[in-house]
Amino acid sequence: MFGSLGIYNYRLYASGQIISLVGVWMQRVAQDWLVLELSNGSPMALGIAASLQFLPVLLLSMWGGVLADRMDKRKLLLWLESALGICALALGILDVTGVVELWHVYLLCLLLGAFSAVETPVRQSFVVEMVGRDQLTNAVAINSMMFNLARIIGPAIAGLAIVAIGTGWVFLANAISFIGVVGGIWLMRTTQLLRSDPLPREKGQLLSGLRYVRSRPDLMTVMLLVFFIATFGMNFYMTLAIMARNVFGGDADAYGLLSTLIAVGTLAGATLAAKRKTPKMSVFIGSGVIFGVLEIISGMMPTMLLTGLMMIPVGVAMMTFNTTANATIQLAVEPEMRGRVMGIYMLVFLGGNPVGGPLMGWLGEINGRAPIIIGGAVSMLVTITAWIILVKRGDIGKPRLRRRQPPRNAEGEPSLPSGPGGGVPSRVAP
């Protein structure tokens, strides 16, 4: 289950990442709560903040994929992770000094979104350089386990910290946490990275990535399903805040509890995914349908406790869907296309939020339960539709996996296998 942690570079990366991710989840809860406080509890304001944070994905994520194919991913990540930490520091200083206004939060959401839009495809495509192809599925699952372990710890700490000391100090704590991930990347042994040859700078590389995905029906199926389910079904950063405050009349600690319970489920889902060697399309489709059904049920629960308990199986289904999608995409493409394809993947995964965020916020103004119920219904219906199409085409089964050339080290020589868990050498999301 933990084979990829036997690789030195990935172990360094994971150690720093878990520290940083706890801080990121603390900030996410604090940021949502700060927006609600500054806007007198407006779900629409929360939707606008989400939209601004995800809007840059539409413009920059595919270019981030192009940069990942052209440049040294490790050096690029050092700069991008540092920039994300500076944004958290700025918001913390504004809040602690008492001068923060809603437009400050909106502006920093936009900056965070811009850096994240470039960072995510670079980080996603960097994983295979740390762990190699054989351990990629395991590393993707472990990334999800770390993400969701932090999702349990971070919101729980944030909920208590907001009540005790306020949101500003939570932002400052997140800024400090970035030292962990930057330090881990800095200390890597670069000669053990399994780097593919960088692409020379040429015109049309972004369009060639789009044409490549368009020519692959298997990739198109995964991309379309991820877009609809992520846009309409996975708005928990907003829907849980609305449910906690406007439906059940809770405080920040109630929102933190709901976020923690869904993270228990996603951690369990990621743990199960770490045991699977090869992603299957049947698992991908089945988890999408189950996720939609469970989300509808959770939105109908009469009490916050029952809603929270339902979040656990919802999280299992959601993480099974996400990890299967990510591993399917990365294993199905050639190494020289991986950065651009992951840029497109992150575009469809996050790029719908500028539409989905305000729409779900508007629905939340009408009825606090509507966003989560309608999101589940959309997820279920589009996945069933895709399943019917795949059955007719006979494509339910294992995805088409691409073979790659032997990995090479920094000197351009073939790398030899070593260490437990596979070849020597393999940061989102999502």
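## Basis of the model

The model is predicted: local features need pLDDT of at least 70, side-chain atom pairs count only at pLDDT 80 or more, and totals for chains, interfaces and linings use all residues. Residues are numbered from 1 along each chain as its sequence is written, and side-chain values use heavy atoms, with hydrogens and water left out.

## Overall make-up

The protein chain has 15 helices and zero strands. Helices (H or I, at least four residues) and strands (E, at least two) are DSSP runs, numbered from the N terminus. Of the 430 residues in the chain, 59% are buried. Buried means under 20% relative accessible area, exposed means over 50%, and partly exposed is in between (1.4 Å probe, protein chains only).

## The nonpolar core

The largest nonpolar core contains 130 residues. Such a core is a set of buried Ala, Val, Leu, Ile, Met, Phe, Trp, Tyr and Cys residues joined through side-chain atoms within 4.5 Å. The residues with the most contacts inside the core are Tyr-10, Met-130, Val-226, Phe-236, Phe-284 and Tyr-345. Helix H1 gives the most to this core, with 14 residues. The core lies between domain 1 (1-191) and domain 2 (204-397), because both give residues to it. These domain bounds come from an automatic or database domain assignment.

Tyr-345 touches Met-223, Val-226, Asn-322, Ala-325, Asn-326 and Ile-329, not counting residues up to four places away in sequence. Contact means heavy atoms within 4.5 Å.

Helix H8 (residues 217-232) has 16 residues and spans 23 Å from its first C-alpha to its last, close to the expected 22 Å. The expected span is 1.5 Å times one less than the number of residues. Among the buried residues of H8 are Met-223 and Val-226, both of which touch Tyr-345.

Helix H9 (residues 236-247) has 12 residues, but its end C-alpha atoms are only 15 Å apart, short of the 16 Å that a straight helix would reach. Nine of the 12 residues in H9 are buried, including Phe-236 and Met-243. After H9 comes Gly-249, with a positive phi near 70°.

Ser-39 is in the loop between helix H1 (8-38) and helix H2 (43-70). Ser-39 is buried, with a relative accessible area of 15%. Its side chain reaches the backbone oxygen of Val-35 at 2.7 Å. Leaving aside neighbours within four places in sequence, Ser-39 is in contact with Ala-45 and Leu-102.

Thr-307, in helix H12 (residues 304-331), is buried with a relative accessible area of 0%. Leaving aside neighbours within four places in sequence, Thr-307 is in contact with Met-243, Phe-248, Leu-258, Ser-298 and Met-301. Thr-307 and Ile-262 are 45 residues apart in sequence and 9.9 Å apart in space, C-alpha to C-alpha. Ala-156, in helix H5 (residues 136-165), is partly exposed, with a relative accessible area of 34%. The C-alpha atoms of Ala-156 and Trp-25 are separated by 9.4 Å, and the two residues are 131 residues apart along the chain.

Conventions:
Polar contact = N/O pair within 3.5 Å; in protein donor to acceptor, adjacent residues only side chain to side chain.
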